[in-house]
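Take a look at the model before reading on.

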Amino acid sequence: MANKRQQYSLSRRHALFAGMAALAAALLLPQIARAQSYPNRPVRLILPFGAGGVADVTARLVTEKLGERLGQRFVIENMPGAGGINAVRAVLSAPADGHTLALFSNGTAISVSLFKNLTFNPVADFVPVSSMGYFDFIFVTQTGSPYPTLADFIKAAKQKPGTLNVGTINVGSTQNLAAQLFKSTAGVDVTIVPFRSSPEVLIALLRGDIQMAIENYSAVRSHIADKAAIAVSSSGPVRTTFLPDVPTVKEAGGGDFEARSWNAIFAPKGTPPEVIRTLNAALREVLEMPDLKKRALDLGIEAKASSPEEIQERLKADIDKWADVIERAGIAKQ
């Protein structure tokens, strides 16, 4: 009789476990199906920048491979506008299913403090997927300049306060704020001159209107190669791979300085976690491809994936960092 009771009890337990397993499988099936079917149509990646810039080039390099990996076309849509508002509006108005994504950058972090009527919160309204690439800025002087090193420039700036000019693109750009940060960390009084475009910055440098420029590598690469300009420093925490003999600002005596920019993919809040995982895994594979890494490096971009948590923390840290620079520089909200 005892054996029969034990057998009955075991049968009941087996049935209970089988039922629980079936229930768990039923609950997981929709998630698995969604992940396996994603993407099931072309994916839009919306950029808050025009075509041809570093972010645009990075996105096109990455999405070409991403489309091959996931079996659907990734379409780049350029929607430039103040603070990225146009691009964000387009992403947030679409279903949160992973088929409409946003490109965020260091500029997104800056926008939080730079624009008084920003209509979105990049932290609260979006979920991170992964970084795509990081890049440093290059400090350049004209060939034949009396400041062949950054240390020479800093020394002269301290000896002649207010007489040297540093050129960047528009007020509030990462280059422009990097110049403001440099003034603070190096303890120099220089005039920061904003221009509308990178070509205008470099024309002013070669003409002698400014004594130093801060630009991304792709903008100054040909001038360095032609020996029209000299790279005197890079803005990151370590020397760049493409200019290994050029010291960082910190190495050159510019104080506790670091300014890196980045590009990353974010999705609207509510996007299924399994879709985020699918995208993140694909990006990790794509960004390790040797041919892509080489093509990116030729443009001064370090192709690199991240966990969602890592790029979210980077976004938050840069929001705080550049808010402080904007406040200390007295830059009016736009």
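## Helix 4 and its cap

In this predicted model, Ser105 caps the N-terminal end of helix 4. One of its side-chain oxygens lies 3.0 Å from the backbone nitrogen of Gly107.

Helix 4 is mostly covered, with seven of its nine residues buried. Those seven are Asn106, Thr108, Ala109, Ile110, Ser111, Ser113 and Leu114. They pack against strand 3 (100-105), helix 6 (174-186), strand 9 (260-268) and helix 11.

## The largest pocket

Rolling a probe the size of a water molecule over the atoms shows where empty space is left. Here the largest pocket has a volume of about 1,000 Å³. Its lining counts 50 residues. Phe49, Ser105, Ile169, Ser173 and Gln175 lie nearest the centre.

Which helix gives the most to this lining? Helix 4 (residues 106-114) does, with five residues. By class, the lining has 27 nonpolar, 21 polar and two charged residues.

## The fold as a whole

The protein chain has 334 residues, and 49% of them count as buried. Its secondary structure comes to 11 helices and 10 strands. Take the contacts between residues at least 6 apart in sequence: 79% of them join residues at least 24 apart.

## Nonpolar cores

In soluble globular proteins, nonpolar side chains tend to be buried together. In this model, the largest nonpolar core has 84 residues. Leu101, Phe139, Leu150, Phe153 and Phe182 have the most contacts inside it. A second, separate core has 18 residues, including Leu205, Tyr217, Ala229 and Leu243.

Leu279 itself lies in helix 9 (residues 273-286). It counts as buried because its relative accessibility is 1%, and the limit is under 20%. Leaving aside neighbours within four places, Leu279 is in contact with Tyr38, Leu70, Phe74, Leu101 and Val129.

Ser130 sits in strand 4 (residues 126-142). Is Ser130 buried or exposed? It counts as buried, at 0% relative accessibility. Its side chain reaches the backbone nitrogen of Ser306 at 3.1 Å. Beyond its neighbours within four places in sequence, Ser130 is in contact with Ala264, Ile265, Asn280, Leu283, Ala305, Ser306 and Ile311. Leu279 is 149 residues from Ser130 along the chain. Their C-alpha atoms are separated by 8.3 Å.

Ser307 belongs to the loop between strand 10 (302-303) and helix 11 (308-329). Ser307 is buried too, with a relative accessible area of 15%. Not counting residues up to four places away, Ser307 touches Val129, Asn280 and Arg284.

## Pro80 in its loop

Pro80 is found in the loop between strand 2 (74-78) and helix 3 (85-92). Pro80 is partly exposed, with a relative accessible area of 45%.

How far apart in space are Pro80 and Phe49? From C-alpha to C-alpha, they are 4.3 Å apart, yet 31 residues separate them in sequence. Phe49 is one of the residues nearest the centre of the largest pocket. Setting aside neighbours within four places, Pro80 is in contact with Leu47, Pro48, Phe49, Gly50 and Asn86.

## Two backbone details

A cis peptide bond joins Tyr38 and Pro39, with omega at about -10°. Pro39 lies in the loop between helix 1 (2-37) and strand 1 (43-47).

Lys227 has a positive phi, near 65°, although it is a residue other than glycine. It lies in the loop between helix 8 (217-225) and strand 8 (229-234). Lys227 counts as exposed because its relative accessible area is 64%, and the cut-off is over 50%.

Terms used:
Residues numbered from 1 in each chain as written. Predicted model: local features only at pLDDT ≥ 70, side-chain atom pairs only at ≥ 80, totals over all residues. Heavy atoms only, no water. 1 Å grid on protein atoms, 1.4 Å probe; cavity = no way out; pocket = protein on both sides within 12 Å on 5 of 7 lines; lining within 4 Å. Points joined across faces, edges and corners; volume = space filled by probe spheres on them. Helix = DSSP H or I, 4+ residues; strand = E, 2+ residues; numbered from the N terminus. Nonpolar A, V, L, I, M, F, W, Y, C, P; charged D, E, K, R; others polar. Buried < 20%, exposed > 50% of the residue type's maximum accessible area, 1.4 Å probe, protein only. Contact = heavy atoms within 4.5 Å. Core = buried A, V, L, I, M, F, W, Y, C linked by side-chain atoms within 4.5 Å. Polar contact = N/O pair within 3.5 Å; in protein donor to acceptor, adjacent residues only side chain to side chain.
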